[in-house]
Structures are given as structure tokens and as C-alpha cells.
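Have a look at the model first, then we'll go topic by topic.

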Amino acid sequence: MPGSIAARDISKSYAAVQVLERVSLVVAPGDRVGIVGPNGIGKSTLLRILAGLEEADEGRVIRSGAVGYLPQEPEGRPGESVRDYLARRTGVGAAEQKMDALAARLGAEPGLAGAYSDALDRFLALGGEDFEARVGAVLEEVDLGRRSDRDMTSLSGGEAARAALAAILLARFDVFCLDEPTNNLDFAALGLLERFLDGLGAGVALVSHDRSFLDATVTRVVEIEAETRRVHEYAGTWSEYEAARERARAQHEAAYADYVGEKERYTTLLTERRQQAHTLGGARKLARQTGGADRRATNALRAKVNQVKNHLEKLEEVEKPWSPWRLQMQFAAPPPAGTIAELTGAVVELGSFRLGPVDLDLRFGDRVAIVGRNGTGKTTLIRALVGDLPLSRGSRRVGRGTVFGELNQARDLVTGVLLDDVTRLSGLEPTDARTLLAKFALGADDVERTAASLSPGERTRAGLALLSARGVNCLILDEPTNHLDLEAIEELETALEGYDGCLVVVTHDRRFLERLEVSRTIRL
């Protein structure tokens, strides 16, 4: 049966923090709703409330059909096989357990026949009947092979991401709630996901920071505005949303400018009229001096003062447009250099994995993208380039004066207390380090936290802050847009436009890659 979600006036708080306030949203069959906004604004909370995993403090959610929530992290459990993980994520596992438990009691308790029938219907609706057959086919489709008995904890990060994609492709929900489904997916996997959503009849509400993915999949954008937490809804794709948002912002700014201009004009006029009345000295004084001849002029002036006051009072107030706070991301000017690094016939061997031979010549000013499917060795190549991995064959040469600055996928540039690490690694004084971190949205409450307590997005911003403080002439970014919100991604793009050193980037963010304007692409 067709499924839908209708949420009305949802509010949610955690302690004293208001996360969502009077949010209304409908997801009907065939809808493609993209939910956007800065990190920490409540997007994941909204998805979980829509899916019924959390309760709203206020408001009401009406659901019909099977609603499924697929979180942004694979969440494999110790001892859980890939098959069992997929069964859990698709709801088939829980439906099967309930059906089997009722079947075992049915002989002794015939009154459970209705409950068993309902459980069977749910099992079938979620795709349980042919689940085993479909698992093998989908695992092969996402390039994980047909072995479904592998332990989830044994998978690499890229393999775990493909397992999470497999769960989406296998699911038979009536409404899908997808939280960052594109995380760690390569171009081929992104294409699979986009084609799946394109042919899906169910409604979809999703959170994503991938602008190309949003353009390809959504038909409505729901924006949770930073600071004000107001919700605005736009019809169309991401690009259409961007254009509509800019038009609305421009109209608001023009209306506010008109309001301010009119208010200033009437305020100035009121001051002038009152000054004129004061100069004339009032009606009684004029009457004594002129025998009442100027009383009409005084009354007329008083009427004009009242008229201007009425105009001011009736002037419809336009709220000042909210200007979003922006990250101030700048990279220090790197010292000039010629050759940055060179790999010649380089081969790296890690167990059964072999990369190479690879020839790579990096010079100052190069802008290089390394692309390829997950597992082809992109990160391995970077680690060989910076000297973290030994070469089994070939040679590596680093130019004199080369300073590498790497943001790796582990985001482990900072490992202890944030302020202490940034002060030590950058050479900045604590006051300057605080100022730098504030520019990356890491304020006074954050700088004393440990790396372990920071979110992935906060660790990414901390790493970028540290790199910006060092005069690196070879900046290496491994999936830099992972865990960043759209505002931060756009700020990073702007900062990299003005970076003159050598830039090496591994990314699956297609829009980010387009805007970097790389001079060379290495495909593995």
C-alpha cells in the first residue's frame, strides 16, 4: 500500500537547547524531499522523528505504510554477518523473528492466528519472501561479492559504505528516511543509488550535503535556517532551490532597504515639523502677537506633525534580513618551490593488495585529482607520496623545502585537547589559536574538548584550521567534504580558489571536483 508521513508543528528540545520548533512536513508517495541546513541544526533528529525512532515534544506525526530509517553510519555490530546486518537494516530480520515466534505458539494458542497473519503480511511486504536470493545479487551489484557470511567488523570503510548502500537497494519500505546515504560512496555507487531512487515509487525524505546528488534526486528542498531555525520549503532541485533562495534573499533585502529608507524619511520629516512648531512658539504665543492671524497656520502645522506620526505608526515593519555567519577559511601563502615530489615506478604492497607501478611528478601550482572506485588504492597512493608507506619497488623524491599538509580520512591531526594540539602543532600563541579556531566555528566551549569528544565534522574543521595556519606548499585532502555541511564546503571551495601551492585531492563530491578546476586527473 502507498505510504506517507504527515508531520505538523513538531518541536523538539534536548535539555535547554531547542532543536526543532513547529516544523511541518508532508512526504507523500513519489515525493523526493531533501532536508538541508548546517551541522547540528536538527536534520537527523527530524528524520528520526519522522521515522518514529524518536518522539517529538510537541506536534503530531501520522504515518501510513512501512517507514524505514537508514542512518548515515553502517553501524555493524560485533559478530554480525553481512546478511544479518542487511536483514536488520531492511526490517526483514525483526519481521521474520516475530513471525517465527508467533508460528511456534500458534498450535497451542489458535487465537494468535490474526497476529500471525499480520506478521506474515509485514514480512512479505518488506521483501522477506525472496530476501535471500536478492541479497546475493545486490551484494554483487555493489561490488562486495556474493559472500554474505563475512563479519561486518572485518569490512573496510569503503566496503561498509557499500554494505549500507546494499541495505537501501534491498529495502522495500513505503517511505524511506535516508541520512547522508552518499557518505564514502564512489562514483559508480552514487550512480547505483541515484538510479534506484529514480525508479522508486515510495516517498523519500533524505539528508545530504552532496549537491550533485541533491540535483539528481530531489524535487523539494526543506531548509532549516541556521541561528533562526526557521523552516523554508522550496519546490525543485538543489540548483532551483539555490536560485529561489537568492531571489527571496534579494527581495527581502530590497524590501528592508525600502522600509529603512521610508522610516528615516518620515523620522527626519517629523523632526523638522516639530522644530518648525517649536520655532513658531505655539498657537497661543502666535495669537497674542498677531491677533490670531497665524492660528490657522499653527493648526495646519500641528496637523502635518500628526500626519507624519500616523505614517510612521502605519509603516509596515520589515524584519532585518538574517545574514548567515560564515566560516572565514584562508590558507597561509605557501613558500614558492619547484618540484614538490616525484614517484618513479613506485609499487606498494599491503598483504595481497598491490598498487603500481605509478609515476607521479608534482610541481608547485599543480592541482591534481585522484579518482577511482573504492579499494583501488587512492589513499594508499597518498600515503606512499608523503612517505607513510614504504615502496617495495621504485623511488620517491621530495623537493627541497616541500612542506606537506594532509587531511586524512581518519581526521586525526588533532588527537588530544583541541587548543593544546593546535597551539603545539601550529606554533601559535593560545590567544591566536583560539581566534583561528573560532573562524572554523570552534568556539570557546569547543577548544578545551578532546578530539574523541568532537564530531567528525568538528574534527574536519579542526584539521583544516591547523592546515591553514601552516605554510604548506603541498596540500593533500582525502575526502575533505565528508562530514562538512554545505556552508563549510562552499567556504573550502572559496579558500582553495586562492591557494597557490600544489593541491592533491581525493573526492567523490562531483560538484566540489568541478569547482576546483583541477589541472590533472589520475584515475586508478
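**Aromatic rings**

F173, F176 and F196 form one aromatic cluster. For ring pairs, Phe, Tyr and Trp (its six-membered ring) count if the centres lie within 6.5 Å; planes under 30 degrees apart are stacked, over 60 edge-to-face, and the rest tilted. Keep in mind that this is a predicted model: local features need pLDDT of at least 70, side-chain atom pairs count only at pLDDT 80 or more, and totals for chains, interfaces and linings use all residues. Residues are numbered from 1 along each chain as its sequence is written, and side-chain values use heavy atoms, with hydrogens and water left out.

- By that ring rule, there are five aromatic pairs.
- Y234 and Y241 are an edge-to-face pair, because their ring centres are 5.0 Å apart and their planes sit at 70 degrees.
- Y234 counts as buried at 15% relative accessibility, and Y241 is buried at 2% (buried is under 20% relative accessible area, exposed over 50%, partly exposed in between, using a 1.4 Å probe and protein chains only).
- Y256 and Y259 make a tilted pair, with ring centres 6.4 Å apart and planes at 40 degrees.
- Those two tyrosines, Y256 and Y259, are three residues apart in helix α9 (residues 238–280), so about one helical turn separates them; helices are DSSP runs of H or I with at least four residues, strands are E runs of at least two, and both are numbered from the N terminus.
- Y256 is partly exposed at 23%, while Y259 is buried at 13%.

**Nonpolar cores**

- The largest nonpolar core has 56 residues, and L86, L165, F176, L178, L197 and L206 touch the most other members (a core is a set of buried Ala, Val, Leu, Ile, Met, Phe, Trp, Tyr and Cys residues joined through side-chain atoms within 4.5 Å).
- Helix α6 (residues 157–170) gives the most to this core, nine residues.
- Another core, of 31 residues, lies apart from it, and its members include V414, L454, L464 and L477.

**The sheet**

- Five strands make an open sheet with parallel pairing, in the order β14-β15-β16-β12-β17; strands pair if DSSP finds at least two bridges between them.
- At the edges are β14 (404–407) and β17 (520–523), each with a single partner strand, so one side of each has no neighbour in the sheet.
- Strand β12 (residues 367–371) pairs with β16 (residues 502–506) in the parallel sense over four bridges, and the bridge partner of I370 in β16 is V506.
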